[in-house]
Amino acid sequence: MTGTSETPAMSAGQRRILAVMLVPMFMSLLSVSIVNVILPDMQKSIGASNSAIQWVLSGYTLAFGVLLVAAGRAGDLFGRGRLFVAGVSVFALGSLIAGFAPDPVMLNVARIVMGIGSGLLSPQGVGMLQQYFHGKIRGRAFGMFGTIVGVSVGIGPVLGGGLIALLGEEWGWRSAFLINVPIAVAAIVLGRFWLPPSAWRGSAADADHADGSAKARADFDPVGLVLLSLGTLFVMLPFLERSAGAWIYALVPVGAVVIWLWVRWEGRYARRGGAPMVDMILFRTRTFAYGASLTSMYFVGMPGVWVIVALYLQNGLGFPALEAGLMGLPSALLAAVSAQASGRVVLTYGRKMVVLGVGIAIVGVVASALIVLAHEDLGISIWWMLASLGLTGVGQGLAISPNQTLTLADVPVEYAGSSGGVMQTGQRVGTAIGIAIVTALFFVVQGMAGYGAAIVAGFGFIAAVMVFAAIIGIVDLARRRAKDRQRAAVAEG
(Lines give C-alpha, C1' and ligand atoms only; values in the text may rest on other atoms or scores of the structure.)
Protein backbone atom coordinates (compact mmCIF):
# COMPACT_ATOMS: atom_id res chain seq x y z
CA MET A 1 0.00 0.00 0.00
CA THR A 2 1.17 3.50 -0.70
CA GLY A 3 0.02 6.93 0.34
CA THR A 4 1.57 10.32 0.74
CA SER A 5 -1.20 12.71 1.72
CA GLU A 6 -1.63 13.84 5.29
CA THR A 7 -4.29 12.22 7.42
CA PRO A 8 -7.47 14.33 7.31
CA ALA A 9 -8.85 15.72 10.55
CA MET A 10 -11.63 13.95 12.40
CA SER A 11 -15.02 15.60 12.50
CA ALA A 12 -16.55 16.76 15.79
CA GLY A 13 -19.00 13.86 15.60
CA GLN A 14 -16.20 11.32 15.20
CA ARG A 15 -14.34 12.76 18.18
CA ARG A 16 -17.48 12.45 20.28
CA ILE A 17 -17.95 8.82 19.22
CA LEU A 18 -14.37 8.05 20.23
CA ALA A 19 -14.80 9.77 23.60
CA VAL A 20 -17.95 7.78 24.39
CA MET A 21 -16.51 4.49 23.20
CA LEU A 22 -12.89 4.41 24.31
CA VAL A 23 -13.29 5.34 28.00
CA PRO A 24 -15.60 2.39 28.89
CA MET A 25 -13.42 0.05 26.81
CA PHE A 26 -10.38 1.26 28.75
CA MET A 27 -12.31 0.66 31.96
CA SER A 28 -13.19 -2.93 31.00
CA LEU A 29 -9.59 -3.75 30.03
CA LEU A 30 -8.24 -2.11 33.18
CA SER A 31 -10.42 -4.47 35.21
CA VAL A 32 -8.30 -7.36 33.91
CA SER A 33 -4.87 -5.96 34.81
CA ILE A 34 -5.74 -4.21 38.08
CA VAL A 35 -7.01 -7.37 39.79
CA ASN A 36 -3.61 -9.11 39.84
CA VAL A 37 -2.27 -6.55 42.33
CA ILE A 38 -5.31 -6.29 44.62
CA LEU A 39 -5.93 -10.06 44.92
CA PRO A 40 -3.98 -10.62 48.19
CA ASP A 41 -5.79 -7.81 50.06
CA MET A 42 -9.11 -8.87 48.59
CA GLN A 43 -8.57 -12.46 49.69
CA LYS A 44 -7.67 -11.40 53.23
CA SER A 45 -10.61 -8.98 53.49
CA ILE A 46 -13.41 -11.41 52.64
CA GLY A 47 -11.73 -14.63 53.78
CA ALA A 48 -11.64 -16.30 50.37
CA SER A 49 -9.91 -19.61 49.70
CA ASN A 50 -7.37 -19.92 46.87
CA SER A 51 -9.88 -21.69 44.62
CA ALA A 52 -12.60 -19.11 45.35
CA ILE A 53 -10.33 -16.17 44.65
CA GLN A 54 -9.23 -17.77 41.37
CA TRP A 55 -12.77 -17.27 40.05
CA VAL A 56 -12.37 -13.53 40.48
CA LEU A 57 -10.03 -13.86 37.51
CA SER A 58 -11.47 -16.76 35.54
CA GLY A 59 -15.17 -15.89 35.97
CA TYR A 60 -14.61 -12.47 34.42
CA THR A 61 -12.44 -13.84 31.61
CA LEU A 62 -14.85 -16.66 30.74
CA ALA A 63 -17.94 -14.45 30.61
CA PHE A 64 -16.02 -11.87 28.59
CA GLY A 65 -14.65 -14.36 26.05
CA VAL A 66 -17.77 -16.49 25.58
CA LEU A 67 -20.04 -13.54 24.75
CA LEU A 68 -17.88 -11.60 22.29
CA VAL A 69 -19.03 -13.01 18.94
CA ALA A 70 -22.69 -13.29 19.92
CA ALA A 71 -22.67 -9.73 21.26
CA GLY A 72 -20.96 -8.49 18.12
CA ARG A 73 -23.61 -10.08 15.94
CA ALA A 74 -26.38 -8.69 18.16
CA GLY A 75 -24.92 -5.21 17.70
CA ASP A 76 -24.80 -5.71 13.92
CA LEU A 77 -28.48 -6.66 13.90
CA PHE A 78 -30.08 -4.51 16.60
CA GLY A 79 -27.83 -1.45 16.82
CA ARG A 80 -24.33 -1.12 18.22
CA GLY A 81 -25.28 1.87 20.36
CA ARG A 82 -27.98 -0.14 22.12
CA LEU A 83 -25.66 -3.04 22.93
CA PHE A 84 -22.84 -0.69 23.92
CA VAL A 85 -24.95 1.21 26.46
CA ALA A 86 -26.44 -2.07 27.72
CA GLY A 87 -22.94 -3.48 28.21
CA VAL A 88 -21.71 -0.40 30.06
CA SER A 89 -24.80 -0.56 32.31
CA VAL A 90 -24.25 -4.22 33.15
CA PHE A 91 -20.54 -3.59 33.76
CA ALA A 92 -21.37 -0.73 36.15
CA LEU A 93 -23.84 -2.91 38.06
CA GLY A 94 -21.24 -5.66 38.44
CA SER A 95 -18.63 -3.13 39.60
CA LEU A 96 -21.01 -1.72 42.20
CA ILE A 97 -21.79 -5.19 43.58
CA ALA A 98 -18.10 -6.14 43.60
CA GLY A 99 -17.15 -2.97 45.48
CA PHE A 100 -19.50 -3.83 48.36
CA ALA A 101 -19.28 -7.65 48.17
CA PRO A 102 -19.38 -9.14 51.70
CA ASP A 103 -18.18 -12.63 50.76
CA PRO A 104 -16.44 -14.61 47.99
CA VAL A 105 -19.69 -15.87 46.43
CA MET A 106 -21.07 -12.37 45.91
CA LEU A 107 -17.71 -11.14 44.62
CA ASN A 108 -17.46 -13.93 42.06
CA VAL A 109 -21.05 -13.35 40.90
CA ALA A 110 -20.24 -9.65 40.51
CA ARG A 111 -17.13 -10.42 38.46
CA ILE A 112 -19.14 -12.65 36.12
CA VAL A 113 -21.64 -9.80 35.70
CA MET A 114 -18.73 -7.46 34.92
CA GLY A 115 -17.45 -9.96 32.35
CA ILE A 116 -20.88 -10.09 30.71
CA GLY A 117 -20.87 -6.30 30.49
CA SER A 118 -17.40 -6.26 28.95
CA GLY A 119 -18.38 -8.95 26.47
CA LEU A 120 -21.40 -6.90 25.40
CA LEU A 121 -19.62 -3.55 24.99
CA SER A 122 -16.23 -4.48 23.51
CA PRO A 123 -17.26 -5.71 20.03
CA GLN A 124 -19.56 -2.71 19.62
CA GLY A 125 -16.53 -0.43 19.92
CA VAL A 126 -14.71 -2.24 17.11
CA GLY A 127 -17.91 -2.27 15.04
CA MET A 128 -18.37 1.49 15.42
CA LEU A 129 -14.76 2.09 14.38
CA GLN A 130 -15.58 0.21 11.18
CA GLN A 131 -18.89 1.98 10.71
CA TYR A 132 -17.96 5.63 11.30
CA PHE A 133 -14.25 5.85 10.41
CA HIS A 134 -12.78 5.28 6.97
CA GLY A 135 -9.41 5.39 5.22
CA LYS A 136 -6.56 7.01 7.12
CA ILE A 137 -8.89 8.30 9.84
CA ARG A 138 -9.79 4.67 10.64
CA GLY A 139 -6.09 3.94 11.10
CA ARG A 140 -5.86 6.82 13.57
CA ALA A 141 -8.95 5.60 15.43
CA PHE A 142 -7.53 2.09 15.75
CA GLY A 143 -4.29 3.71 16.90
CA MET A 144 -6.20 5.35 19.74
CA PHE A 145 -7.79 1.99 20.51
CA GLY A 146 -4.30 0.48 20.68
CA THR A 147 -3.30 3.27 23.04
CA ILE A 148 -6.00 2.40 25.56
CA VAL A 149 -5.07 -1.29 25.35
CA GLY A 150 -1.42 -0.54 26.09
CA VAL A 151 -2.11 1.97 28.84
CA SER A 152 -4.72 -0.24 30.54
CA VAL A 153 -2.26 -3.15 30.77
CA GLY A 154 0.54 -1.02 32.20
CA ILE A 155 -1.39 1.35 34.43
CA GLY A 156 -3.63 -1.29 36.07
CA PRO A 157 -1.04 -2.70 38.50
CA VAL A 158 0.23 0.80 39.34
CA LEU A 159 -3.29 2.14 39.97
CA GLY A 160 -4.22 -0.89 42.06
CA GLY A 161 -1.11 -0.59 44.19
CA GLY A 162 -1.62 3.16 44.53
CA LEU A 163 -5.24 2.82 45.69
CA ILE A 164 -4.24 0.31 48.35
CA ALA A 165 -1.38 2.55 49.50
CA LEU A 166 -3.74 5.57 49.64
CA LEU A 167 -6.95 4.06 51.05
CA GLY A 168 -5.67 1.03 52.95
CA GLU A 169 -6.14 -2.70 52.46
CA GLU A 170 -9.94 -2.77 52.85
CA TRP A 171 -11.16 0.19 50.80
CA GLY A 172 -8.18 0.14 48.44
CA TRP A 173 -9.29 -3.02 46.63
CA ARG A 174 -12.97 -2.06 46.84
CA SER A 175 -12.30 1.34 45.26
CA ALA A 176 -10.63 -0.43 42.32
CA PHE A 177 -14.15 -1.62 41.39
CA LEU A 178 -16.21 1.33 42.60
CA ILE A 179 -14.21 3.80 40.50
CA ASN A 180 -15.86 2.24 37.43
CA VAL A 181 -19.38 3.30 38.44
CA PRO A 182 -19.26 7.10 37.91
CA ILE A 183 -17.25 6.62 34.70
CA ALA A 184 -19.89 4.21 33.38
CA VAL A 185 -22.76 6.54 34.31
CA ALA A 186 -21.06 9.40 32.44
CA ALA A 187 -20.54 7.14 29.39
CA ILE A 188 -24.21 6.11 29.39
CA VAL A 189 -25.43 9.71 29.56
CA LEU A 190 -23.00 10.94 26.90
CA GLY A 191 -23.79 7.92 24.72
CA ARG A 192 -27.46 8.88 24.62
CA PHE A 193 -26.58 12.36 23.36
CA TRP A 194 -23.38 11.86 21.34
CA LEU A 195 -23.83 8.59 19.45
CA PRO A 196 -25.51 9.20 16.07
CA PRO A 197 -29.04 7.90 15.38
CA SER A 198 -27.70 5.19 13.06
CA ALA A 199 -25.81 3.65 16.01
CA TRP A 200 -29.16 2.75 17.56
CA ARG A 201 -30.43 1.07 14.40
CA GLY A 202 -28.97 -2.23 13.21
CA SER A 203 -29.01 -4.01 9.89
CA ALA A 204 -32.16 -5.90 10.88
CA ALA A 205 -34.10 -2.64 10.93
CA ASP A 206 -32.73 -1.75 7.50
CA ALA A 207 -33.71 -5.14 6.10
CA ASP A 208 -37.43 -4.91 6.80
CA HIS A 209 -39.49 -6.40 4.05
CA ALA A 210 -41.90 -4.35 1.97
CA ASP A 211 -44.87 -6.09 3.61
CA GLY A 212 -43.80 -4.72 7.01
CA SER A 213 -42.29 -7.91 8.41
CA ALA A 214 -38.74 -7.94 9.73
CA LYS A 215 -37.38 -11.42 9.12
CA ALA A 216 -33.80 -10.33 9.62
CA ARG A 217 -34.64 -8.85 12.99
CA ALA A 218 -35.49 -12.29 14.41
CA ASP A 219 -32.73 -14.20 12.55
CA PHE A 220 -30.17 -14.36 15.34
CA ASP A 221 -29.03 -17.94 14.61
CA PRO A 222 -29.70 -19.36 18.11
CA VAL A 223 -28.16 -22.77 17.30
CA GLY A 224 -24.95 -21.08 16.17
CA LEU A 225 -24.97 -18.95 19.30
CA VAL A 226 -25.22 -21.98 21.61
CA LEU A 227 -22.61 -24.03 19.72
CA LEU A 228 -19.98 -21.29 19.63
CA SER A 229 -20.57 -20.29 23.25
CA LEU A 230 -20.21 -23.89 24.44
CA GLY A 231 -17.16 -24.52 22.26
CA THR A 232 -15.41 -21.39 23.53
CA LEU A 233 -16.30 -22.25 27.13
CA PHE A 234 -14.95 -25.82 26.84
CA VAL A 235 -11.69 -24.65 25.25
CA MET A 236 -11.04 -21.79 27.70
CA LEU A 237 -12.17 -23.37 30.99
CA PRO A 238 -9.35 -25.92 31.42
CA PHE A 239 -6.69 -23.25 31.03
CA LEU A 240 -8.40 -21.01 33.60
CA GLU A 241 -9.18 -23.78 36.12
CA ARG A 242 -5.96 -25.82 36.08
CA SER A 243 -6.30 -26.65 39.77
CA ALA A 244 -9.26 -28.95 39.00
CA GLY A 245 -6.83 -31.66 37.85
CA ALA A 246 -5.64 -33.19 34.59
CA TRP A 247 -9.10 -34.53 33.74
CA ILE A 248 -10.38 -31.05 32.93
CA TYR A 249 -8.18 -30.89 29.81
CA ALA A 250 -10.46 -33.52 28.27
CA LEU A 251 -12.81 -30.59 27.65
CA VAL A 252 -10.38 -29.10 25.09
CA PRO A 253 -10.98 -31.73 22.35
CA VAL A 254 -14.69 -31.66 23.21
CA GLY A 255 -14.64 -27.90 22.65
CA ALA A 256 -12.75 -28.32 19.38
CA VAL A 257 -15.40 -30.75 18.14
CA VAL A 258 -18.20 -28.36 19.16
CA ILE A 259 -16.50 -25.50 17.30
CA TRP A 260 -16.16 -27.76 14.22
CA LEU A 261 -19.90 -28.49 14.46
CA TRP A 262 -20.50 -24.73 14.73
CA VAL A 263 -18.52 -24.10 11.52
CA ARG A 264 -20.52 -26.79 9.70
CA TRP A 265 -23.79 -25.39 11.03
CA GLU A 266 -22.98 -21.83 9.98
CA GLY A 267 -22.26 -22.94 6.41
CA ARG A 268 -25.45 -25.02 6.27
CA TYR A 269 -27.51 -22.20 7.78
CA ALA A 270 -26.25 -19.76 5.15
CA ARG A 271 -27.00 -22.20 2.30
CA ARG A 272 -30.57 -22.52 3.59
CA GLY A 273 -31.01 -18.74 3.29
CA GLY A 274 -30.50 -17.81 6.94
CA ALA A 275 -28.27 -15.05 8.31
CA PRO A 276 -25.48 -16.92 10.15
CA MET A 277 -23.93 -15.64 13.33
CA VAL A 278 -20.58 -15.46 11.50
CA ASP A 279 -20.53 -15.71 7.73
CA MET A 280 -17.78 -18.23 6.91
CA ILE A 281 -17.04 -16.22 3.77
CA LEU A 282 -15.14 -13.91 6.14
CA PHE A 283 -12.41 -16.55 6.43
CA ARG A 284 -12.05 -16.67 2.64
CA THR A 285 -11.03 -13.03 2.86
CA ARG A 286 -7.28 -13.53 3.15
CA THR A 287 -6.63 -10.27 4.98
CA PHE A 288 -9.08 -11.30 7.70
CA ALA A 289 -7.90 -14.92 7.95
CA TYR A 290 -4.21 -14.05 8.20
CA GLY A 291 -4.75 -11.09 10.50
CA ALA A 292 -7.02 -12.98 12.91
CA SER A 293 -4.52 -15.85 13.05
CA LEU A 294 -1.62 -13.48 13.69
CA THR A 295 -3.34 -11.66 16.55
CA SER A 296 -4.45 -14.93 18.18
CA MET A 297 -0.88 -16.27 18.09
CA TYR A 298 0.49 -12.95 19.38
CA PHE A 299 -1.83 -13.12 22.40
CA VAL A 300 -0.79 -16.70 23.15
CA GLY A 301 2.66 -15.22 23.79
CA MET A 302 2.84 -11.61 24.87
CA PRO A 303 0.33 -11.32 27.80
CA GLY A 304 2.28 -14.00 29.66
CA VAL A 305 5.23 -11.61 29.95
CA TRP A 306 3.52 -9.58 32.66
CA VAL A 307 2.46 -12.64 34.64
CA ILE A 308 5.96 -14.12 34.88
CA VAL A 309 7.59 -10.71 35.45
CA ALA A 310 5.26 -10.14 38.43
CA LEU A 311 5.97 -13.63 39.80
CA TYR A 312 9.72 -13.15 39.45
CA LEU A 313 9.82 -9.66 40.97
CA GLN A 314 7.38 -10.26 43.84
CA ASN A 315 8.00 -13.92 44.74
CA GLY A 316 11.60 -14.24 43.58
CA LEU A 317 13.08 -10.83 44.43
CA GLY A 318 10.63 -9.67 47.10
CA PHE A 319 9.40 -6.51 45.37
CA PRO A 320 6.22 -4.89 46.79
CA ALA A 321 3.21 -4.80 44.47
CA LEU A 322 3.56 -1.13 43.55
CA GLU A 323 7.22 -1.43 42.55
CA ALA A 324 6.51 -4.56 40.55
CA GLY A 325 3.72 -2.72 38.77
CA LEU A 326 6.04 0.16 37.87
CA MET A 327 8.19 -2.22 35.81
CA GLY A 328 5.49 -2.28 33.12
CA LEU A 329 4.78 1.45 33.03
CA PRO A 330 7.35 2.48 30.35
CA SER A 331 6.15 -0.37 28.14
CA ALA A 332 2.56 0.88 28.43
CA LEU A 333 3.50 4.47 27.64
CA LEU A 334 5.65 3.48 24.67
CA ALA A 335 2.87 1.20 23.39
CA ALA A 336 0.50 4.17 23.55
CA VAL A 337 2.89 6.46 21.66
CA SER A 338 3.79 3.92 18.98
CA ALA A 339 0.14 2.95 18.49
CA GLN A 340 -0.72 6.60 17.85
CA ALA A 341 2.15 6.99 15.39
CA SER A 342 1.45 3.72 13.56
CA GLY A 343 -2.22 4.58 13.18
CA ARG A 344 -1.29 7.56 11.02
CA VAL A 345 0.84 5.58 8.54
CA VAL A 346 -0.63 2.07 8.60
CA LEU A 347 -2.16 2.43 5.13
CA THR A 348 1.20 3.59 3.79
CA TYR A 349 3.30 0.69 5.10
CA GLY A 350 0.67 -2.02 5.54
CA ARG A 351 1.61 -5.45 6.84
CA LYS A 352 5.33 -4.58 6.85
CA MET A 353 4.69 -2.46 9.94
CA VAL A 354 2.98 -5.38 11.69
CA VAL A 355 5.91 -7.72 10.99
CA LEU A 356 8.35 -5.06 12.18
CA GLY A 357 6.35 -4.61 15.39
CA VAL A 358 6.31 -8.33 16.16
CA GLY A 359 10.05 -8.46 15.46
CA ILE A 360 10.76 -5.60 17.88
CA ALA A 361 8.63 -7.31 20.53
CA ILE A 362 10.65 -10.52 20.10
CA VAL A 363 13.89 -8.54 20.55
CA GLY A 364 12.46 -7.04 23.75
CA VAL A 365 11.57 -10.47 25.16
CA VAL A 366 14.99 -11.95 24.35
CA ALA A 367 16.75 -8.88 25.79
CA SER A 368 14.70 -9.24 29.00
CA ALA A 369 15.87 -12.86 29.35
CA LEU A 370 19.50 -11.76 28.91
CA ILE A 371 19.08 -9.04 31.56
CA VAL A 372 17.72 -11.59 34.05
CA LEU A 373 20.72 -13.84 33.36
CA ALA A 374 23.08 -10.89 33.84
CA HIS A 375 21.31 -9.97 37.08
CA GLU A 376 21.53 -13.51 38.43
CA ASP A 377 25.16 -14.11 37.38
CA LEU A 378 26.75 -10.64 37.34
CA GLY A 379 24.60 -8.67 39.74
CA ILE A 380 23.49 -5.91 37.34
CA SER A 381 20.34 -4.03 38.30
CA ILE A 382 17.09 -5.74 37.32
CA TRP A 383 15.70 -2.28 36.56
CA TRP A 384 17.41 -2.51 33.16
CA MET A 385 14.32 -4.50 32.24
CA LEU A 386 12.48 -1.18 32.05
CA ALA A 387 14.30 -0.66 28.73
CA SER A 388 13.90 -4.18 27.34
CA LEU A 389 10.22 -4.39 28.29
CA GLY A 390 9.84 -0.91 26.80
CA LEU A 391 10.83 -2.48 23.47
CA THR A 392 7.94 -4.92 23.78
CA GLY A 393 5.63 -1.93 24.22
CA VAL A 394 6.97 -0.29 21.06
CA GLY A 395 6.46 -3.57 19.22
CA GLN A 396 2.90 -3.92 20.49
CA GLY A 397 1.97 -0.43 19.34
CA LEU A 398 3.38 -1.11 15.87
CA ALA A 399 1.74 -4.54 15.57
CA ILE A 400 -1.67 -4.77 17.23
CA SER A 401 -3.58 -1.67 16.12
CA PRO A 402 -2.24 -1.71 12.52
CA ASN A 403 -3.03 -5.42 12.30
CA GLN A 404 -6.60 -4.74 13.41
CA THR A 405 -6.99 -1.99 10.81
CA LEU A 406 -5.65 -4.21 8.01
CA THR A 407 -7.54 -7.33 9.13
CA LEU A 408 -10.93 -5.62 9.12
CA ALA A 409 -10.30 -3.46 6.04
CA ASP A 410 -12.20 -5.74 3.64
CA VAL A 411 -14.95 -6.84 6.06
CA PRO A 412 -18.46 -5.58 5.13
CA VAL A 413 -19.76 -3.11 7.71
CA GLU A 414 -22.83 -5.27 8.39
CA TYR A 415 -20.46 -7.89 9.86
CA ALA A 416 -18.17 -5.40 11.62
CA GLY A 417 -19.33 -6.37 15.11
CA SER A 418 -19.23 -10.14 14.67
CA SER A 419 -15.86 -10.05 12.87
CA GLY A 420 -14.46 -7.87 15.65
CA GLY A 421 -15.89 -10.37 18.12
CA VAL A 422 -14.12 -13.22 16.31
CA MET A 423 -10.79 -11.39 16.57
CA GLN A 424 -11.29 -10.54 20.24
CA THR A 425 -12.35 -14.12 21.01
CA GLY A 426 -9.11 -15.33 19.44
CA GLN A 427 -7.25 -12.91 21.68
CA ARG A 428 -9.07 -14.04 24.84
CA VAL A 429 -8.67 -17.75 24.07
CA GLY A 430 -5.04 -17.22 23.08
CA THR A 431 -4.35 -15.31 26.29
CA ALA A 432 -5.92 -18.02 28.46
CA ILE A 433 -3.94 -20.80 26.76
CA GLY A 434 -0.66 -18.88 26.71
CA ILE A 435 -0.78 -17.80 30.36
CA ALA A 436 -1.67 -21.33 31.47
CA ILE A 437 1.30 -22.80 29.58
CA VAL A 438 3.85 -20.17 30.56
CA THR A 439 2.90 -20.21 34.27
CA ALA A 440 2.99 -24.02 34.36
CA LEU A 441 6.44 -23.93 32.73
CA PHE A 442 7.54 -21.22 35.16
CA PHE A 443 6.60 -23.19 38.28
CA VAL A 444 8.08 -26.47 36.98
CA VAL A 445 11.43 -24.84 36.21
CA GLN A 446 11.32 -22.78 39.42
CA GLY A 447 10.97 -25.96 41.46
CA MET A 448 14.03 -27.46 39.77
CA ALA A 449 16.34 -24.48 39.23
CA GLY A 450 14.97 -21.34 40.93
CA TYR A 451 13.20 -18.16 39.91
CA GLY A 452 15.89 -16.85 37.56
CA ALA A 453 15.86 -19.98 35.40
CA ALA A 454 12.05 -20.04 35.54
CA ILE A 455 11.57 -16.59 34.05
CA VAL A 456 14.23 -17.20 31.39
CA ALA A 457 12.40 -20.40 30.37
CA GLY A 458 9.13 -18.46 30.27
CA PHE A 459 10.68 -15.77 28.08
CA GLY A 460 12.00 -18.49 25.78
CA PHE A 461 8.52 -19.96 25.30
CA ILE A 462 7.03 -16.52 24.64
CA ALA A 463 9.72 -15.65 22.08
CA ALA A 464 9.12 -18.95 20.23
CA VAL A 465 5.36 -18.28 20.04
CA MET A 466 6.01 -14.75 18.82
CA VAL A 467 8.23 -16.12 16.03
CA PHE A 468 5.21 -18.09 14.76
CA ALA A 469 3.15 -14.88 14.78
CA ALA A 470 5.88 -13.17 12.75
CA ILE A 471 5.91 -16.06 10.25
CA ILE A 472 2.16 -15.63 9.69
CA GLY A 473 2.73 -11.95 8.94
CA ILE A 474 5.67 -12.70 6.60
CA VAL A 475 3.62 -15.28 4.67
CA ASP A 476 0.79 -12.77 4.25
CA LEU A 477 3.27 -10.09 3.17
CA ALA A 478 4.80 -12.44 0.59
CA ARG A 479 1.34 -13.36 -0.69
CA ARG A 480 0.45 -9.70 -1.13
CA ARG A 481 3.67 -8.96 -2.99
CA ALA A 482 3.15 -11.92 -5.32
CA LYS A 483 -0.39 -10.70 -6.00
CA ASP A 484 0.88 -7.18 -6.72
CA ARG A 485 3.49 -8.53 -9.16
CA GLN A 486 0.83 -10.59 -10.89
CA ARG A 487 -1.37 -7.52 -11.31
CA ALA A 488 1.55 -5.49 -12.63
CA ALA A 489 2.36 -8.21 -15.16
CA VAL A 490 -1.25 -8.33 -16.35
CA ALA A 491 -1.33 -4.53 -16.67
CA GLU A 492 1.90 -4.50 -18.71
CA GLY A 493 0.79 -7.42 -20.90
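Figure 1. T425 has its place in helix α18, where helices (H or I, at least four residues) and strands (E, at least two) are DSSP runs numbered from the N terminus. Apart from neighbours within four places in sequence, T425 is in contact with G65, L68, V69 and T232; contact means heavy atoms within 4.5 Å. Residues are numbered from 1 along each chain as its sequence is written, and side-chain values use heavy atoms, with hydrogens and water left out. Because the model is predicted, local features need pLDDT of at least 70 and side-chain atom pairs count only at pLDDT 80 or more, whereas totals for chains, interfaces and linings use all residues.

**Figure 2. Packing of helices α3 and α18.** Helix α3 (residues 50–78) packs with α18 at an angle of about 170°, the axes being 7 Å apart. Axes are lines fitted to C-alpha atoms, for helices over the stretch in contact, and angles run from 0 to 180 degrees between N-to-C directions. The two helices α3 and α18 are therefore roughly antiparallel to each other (angles over 145 degrees count as roughly antiparallel, under 35 as roughly parallel, 65 to 115 as roughly perpendicular and the rest as oblique). On the α3 side, the contact is made by F64, G65, L68, V69, G72, R73 and D76. On the α18 side, the contributors are A416, G417, S418, G421, V422, Q424, T425 and R428.

**Figure 3. Packing of helices α10 and α18.** Helix α10 (residues 222–240) and helix α18 (residues 416–449) have axes 8 Å apart and pack at an angle of about 30°. Helices α10 and α18 are therefore roughly parallel to each other. The crossing of α10 past α18 is left-handed, a term that applies if the near helix is turned anticlockwise from the far one by less than a right angle, and right-handed if clockwise. Residues T232, V235, M236, F239 and L240 of α10 meet T425, R428, V429, A432, I433 and A436 of α18 in this contact.

**Figure 4. Aromatic ring pairs.** Rings of Phe, Tyr and Trp (its six-membered ring) pair if their centres lie within 6.5 Å; planes under 30 degrees apart count as stacked, over 60 as edge-to-face and the rest as tilted. By this rule, the count comes to 10 aromatic pairs. F100 and W171 form an edge-to-face pair, at 6.1 Å centre to centre and 75° between the planes. F100 lies in the loop between α4 (80–99) and α5 (104–132) and W171 in helix α6 (residues 135–178), so this pair ties together parts that are 71 residues apart in sequence. W171 counts as partly exposed at 44% relative accessibility. The rings of F283 and F288 have centres 5.5 Å apart and planes at 70°, so this pair is also edge-to-face. F283 is partly exposed, with a relative accessible area of 34%, while F288 counts as buried at 0% relative accessibility. Ring pairs also link F442, F443 and Y451 into a cluster.

Figure 5. G87 is found in helix α4 and is buried, with a relative accessible area of 0%. Not counting residues up to four places away in sequence, G87 touches G117, L120 and L121. G87 and G119 are 32 residues apart in sequence, with a C-alpha to C-alpha distance of 7.3 Å.

Technical notes
Buried < 20%, exposed > 50% of the residue type's maximum accessible area, 1.4 Å probe, protein only.
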